[in-house]
Amino acid sequence: MRAARVILAVLLVVADAIAAGADEGRFTVQEENDFFTPHNRDRHYTQGLQVNYLSPALPSGGMAQPMAWLASALPVFQSGSQSTARRFNLFLGQQLFTPQDKTLPNPDPADRPYAGWLNGGVDFLEDADRQTLDRVRIQLGLIGPAALGKVTQNKTHLTIDVPQARGWDKQLQNEPTLGFTLDRHRRFIGDLDDTISVDVIPSGRIALGNAFDDAAIGARARIGQNLRADYGLPRIEPGPSGTAYFNANALSPRSRFGWSVFIGAEGRAVGRDIFLDGNTFGASPSVPKCILVGELEAGAAAFYSDWLRLSYTYVYRSPEFRGQRGGDEFGALTMSLVLPF
């Protein structure tokens, strides 16, 4: 019954936003790839692409009951004493995972298996007093040949004149995925002068599903202008918690321009990772995973008003499976635009 109430709340929230006649939405495109780093090792988590649509602020009256249902079923959505902003974010993406040596038609059984993942879903976001951001994510996906990882990687390699990966026929088998994520960000901010601020945003996350089971804690530290407009850049999961949330009402009246330079870190305890553990049912390639995984990140972002944002993030991720030779690094590019929708 509780699951049914959550699903009903999802449908009511989306329907409520459409009925309200929202006049604009914010699109964010994220691309993560090891090509965007100096070493470009082209291995393991080698590529991720995700497109997001962030809704305008949802009407408080129509949102009251659906958000109350979600809050009654999950430990989230503690409304602010002064102001509360609620939005939803729709997302669709694809991620690719490969071993280090892609010249082998029979991949090294001690290296990460080939896998592709198509996934999409909805985030429910509540910003309380511009200090606390809660998110509930419901995610559906598909792993295996039907996720088109082989087609995506090899056609891309053909276009850029790079040898094709030969071991995709040994990838994980088709399996649907279902996942739920809860996370919370808490902002601590101080103003250095009339325009420049610094903030620290600790966060915690719990993810449950047949793709990932993990718990994570982390933090970002930033210096810049108009930091109150968001809680840090979005990242493709699994990775340091970040969202596509943006609140133009939090921009300073002195300037609509914003920028930030940031560093961050996250540690997570991994109970399950299907891309290392292998398919849930049936035989498949697998490697013994590391229970504890850490990430470090650094980058910069700039935006003007609420209609354009560009950013780059460098990421270092510690080894994810036993026998892995060193950690991995990749770069993350994001671009956000406001368009009529």
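Leu192 sits out in the open: its relative accessible area is 55%, so it counts as exposed. You'll find Leu192 in the loop between strand S7 (188-191) and strand S8 (196-209). Keep in mind that this is a predicted model.

- Nonpolar side chains in soluble globular proteins tend to be buried together.
- Here, the largest nonpolar core has 13 residues, and Trp117, Ile143 and Phe275 are those with the most contacts inside it.
- Strand S4 (115-128) and helix H4 (274-277) are the elements that give two or more residues to this core.
- A second, separate core has twelve residues, among them Leu54, Ala85, Leu125 and Leu251.

**Aromatic rings**
- The count of aromatic pairs comes to 13.
- Take Trp117 and Phe275: their ring centres are 5.4 Å apart and their planes are at 55°, so this pair is tilted.
- Since Trp117 belongs to strand S4 and Phe275 to helix H4, the pair ties together parts that are 158 residues apart in sequence.
- Trp117 and Phe275 are both buried.

**Charges over rings**
- Arg26 has its charged end over the ring of Phe246, 4.1 Å from the ring centre.
- Arg137 puts its charged end over the ring of Phe91, 3.8 Å from the centre of that ring.

Conventions: Residues numbered from 1 in each chain as written. Predicted model: local features only at pLDDT ≥ 70, side-chain atom pairs only at ≥ 80, totals over all residues. Heavy atoms only, no water. Helix = DSSP H or I, 4+ residues; strand = E, 2+ residues; numbered from the N terminus. Buried < 20%, exposed > 50% of the residue type's maximum accessible area, 1.4 Å probe, protein only. Core = buried A, V, L, I, M, F, W, Y, C linked by side-chain atoms within 4.5 Å. Phe/Tyr/Trp six-rings, centres within 6.5 Å; stacked < 30°, edge-to-face > 60°. Lys NZ or Arg CZ within 6 Å of the ring centre and 35° of its normal.
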